Amino acid sequence: MPQDGAFLRIHQVAKTYTARDGSSIQALRAIDLDIGEGEFVTLLGPSGCGKSTLLKILAGLLPRSAGEVTVQGRSLAGPSRALGVVFQAPVLLPWLTILENVLVPAKVQRIDPPLAAARARELLAMTELTGFENRYPFELSGGMQQRVGICRALVHDPAILLMDEPFGALDAMTRETMNEELQRIWQERRKTVLLVTHSIPEAIYLADRVVVMAPRPGHIVEVLPVDLPRPRTLEMQNTPEFGRYVSHLRGHFRAGGMLTA
Amino acid sequence: MGRGSSLLAGAVLPALMAALVFGGWEAAVWFFAVPKIVLPPPSAIVLALIEALGSSEFHWNLLITLWEIVAGFALGALGGLLLGFLVALSPLAERLVYPYIVAFQTLPKVAVAPIIVIWFGYGLSSKIIITATIAFFPLLANTIMGLRAAPADQIEMLVSCTATRWQVFRMVRLMAALPYIFVGLDVAIVLSVIGAIVGEFVGAKAGLGFMLMQKNFNFDMAGTFAILVVLSLIGVALHAIVQTVQRRVIFWMNIRGDRPVSL
Ligand SMILES: Nc1ncnc2c1ncn2[C@@H]1O[C@H](COP(=O)(O)OP(=O)(O)OP(=O)(O)O)[C@@H](O)[C@H]1O
Ligand SMILES: [Mg+2]
């Protein structure tokens with residue numbers, strides 16, 4: 001693992017929530033993770049192991065209790081233009097057209113409008129949404145809305161893309177198509193990606209490395225490099241190599257319990 | 001089959017219902033020989049209405065009451081809206097002002113109306129102010145609620161792309177408040193009709209409420225009922241105007257069924 005060349009470095013990050021009744025819940029314990037530039041890392045773990053908590057800390061939406069996050073050596077405090085975030089739900093603003101929705105970060109960050117609009121159209125074309133620029137979110141299907149969410153996360157050209165179960169709400173077929181599309185986007189744009197998922201095949205299919213987490217409190221149990229050639233195809237999921245990765249990861253989540261390292 | 005039943009429910013049934021209600025009313029008045037000063041038959045009310053519509057006295061009084069309603073509504077709604085923004089945006093303003101507002105709201109406006117008439121006289125201004133005090137609160141309450149109603153995920157989305165507090169307010173909170181503000185406007189416009197009439201009852205020299213009192217005093221029941229019909233039509237028309245504007249402004253809520261409940 002590149003210790004010095006790390007692009008996004010998560011060092012000893014911990015999070016303790018204080019509940020309403022004053023009791024504290026430790027959600028994350030000493031998370032260490034270095035992510036290289038242009039690397040695609042997926043975060044896999046059972047419900048409640050702190051995946052969303054970690055992502056929110058990286059996105060600057062949640063203060064961490066301890067530790068440090070740096071991007072290219074610079075400490076990350078609060079939301080940053082270097083980041084694009086895709087949420088589990090598309091979270092589009094219903095009163096804005098698709099194009100205007102994609103342009104929200106550009107507007108917030110006062111990016112030159114013609115430049116931003118050109119980039120937005122390019123992204124919409126890449127996600128096969130050309131022709132829908134002037135439609136409203138309620139006129140689009142769930143999968144299309146989620147693609148708009150991805151365009152929005154990319155419009156300000158962030159170096160890092162954070163995705164929290166971006167396809168969790170989609171049906172299996174759409175999800176596979178979206179995975180193919182995401183791989184294509186990533187290969188074209190070479191973003192550094194951290195994607196949270198519950199799906200083992202999705203985690204393997206997309207990742208350079210799969211990070212496996214376990215709960216109580218959230219910690220990393222394994223970092224698994226995926227050594228499959230790119231571009232990956234959906235057919236690859238039927239190969240014995242892919243199957244070996246799947247069964248290895250499934251070992252962590254055996255019957256009812258979760259192995260702790 | 002579906003077409004037939006929807007046609008039945010859409011036009012035939014309501015017409016049948018109306019014929020039954022008004023026909024029954026008419027028949028009952030004749031059959032039981034109810035005196036005119038107790039309950040006039042619908043036909044007499046229609047005649048009185050036609051007569052009123054042709055008289056310039058009625059036109060003048062209608063105009064006065066409409067002005068009281070619209071001006072009072074505008075004044076009260078604007079005040080409620082502005083104070084709503086202030087209270088929603090400043091916790092200090094909320095603590096300082098809100099207790100007084102709530103205390104004032106619990107006062108029955110009918111009880112306050114005579115004081116306002118003494119302060120502002122028997123002319124239009126006292127009616128406008130009474131109407132404004134009634135239209136004020138629905139807007140205040142709904143504006144405050146609306147400005148706090150923006151979904152947390154929309155705010156988080158904006159914050160994650162480095163939006164400032166002001167940008168979050170402008171781009172999300174304001175828009176999320178619109179449906180609530182329109183509920184407030186809808187309630188306020190209907191209450192404004194009541195406000196103007198109450199004001200005229202307390203003391204006035206003109207207006208539909210004044211005319212209503214006069215006709216009532218003269219035992220002209222058909223005329224009284226005719227004015228009641230006009231008042232209710234005014235309410236329905238103003239409500240329809242607000243609804244039409246609302247449908248245009250909050251266009252994104254028409255398709256889904258998630259519009260806040262209104263009157
Ligand atoms: N606002 C909060 N206040 C208190 N505890 C919280 C809060 N948010 C999360 N937690 C706790 O932190 C732990 C991790 O939650 P988190 O949402 O990060 O899990 P997750 O891995 O994303 O789960 P899922 O896969 O179900 O989305 C959980 O035990 C949860 O109860
Ligand atoms: Mg989560």
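1. Ile115(B) sits in helix α5 of chain B, which covers residues 109–120. The model is predicted. Ile115(B) is partly exposed, at a relative accessible area of 39%.

2. Asn61(B) is part of helix α3 of chain B, residues 56–89. Its relative accessibility is 4%, and buried means under 20%, so Asn61(B) counts as buried. Which residues does Asn61(B) contact, leaving aside neighbours within four places in sequence? They are Ala206(B), Gly207(B), Leu208(B) and Met211(B).

3. Chain A has its own helix α5, residues 142–154. This helix of 13 residues reaches 19 Å from first C-alpha to last. That is close to the 18 Å expected at 1.5 Å a residue.

4. Is α5(A) largely enclosed or open? It is largely enclosed by the rest of the structure, because 12 of its 13 residues are buried. Among them are the nonpolar Met144(A), Val148(A), Ile150(A) and Leu154(A). The buried set also includes Gln145(A), Gln146(A), Arg147(A) and Arg152(A). Gly143(A), Gly149(A), Cys151(A) and Ala153(A) are buried too.

5. Chain A also holds an open sheet of four strands, in the order β2-β1-β4-β5. The pairing is antiparallel. The edge strands are β2 and β5 (74–75) of chain A, each of which pairs on one side only.

6. Take the β1(A)–β2(A) pair next. Strand β1 of chain A spans residues 8–18, and strand β2 of chain A spans residues 24–35. Eight bridges join the two strands, which run antiparallel. Val13(A) faces Ile31(A) of β2(A) across this pair. The two strands make a hairpin, with five residues between them. In the turn, Gly22(A) has a positive phi of about 90°.

7. β1(A) also pairs with strand β4 of chain A, residues 66–71. This pairing is antiparallel and has five bridges. Ile10(A) stands opposite Val69(A) in β4(A). His11(A) has Glu68(A) of β4(A) as its bridge partner.

Technical notes:
Residues numbered from 1 in each chain as written. Chains lettered and ligands numbered in written order. Predicted model: local features only at pLDDT ≥ 70, side-chain atom pairs only at ≥ 80, totals over all residues. Heavy atoms only, no water. Pairing = 2+ DSSP bridges. Buried < 20%, exposed > 50% of the residue type's maximum accessible area, 1.4 Å probe, protein only. Expected span 1.5 Å × (residues − 1). Contact = heavy atoms within 4.5 Å.
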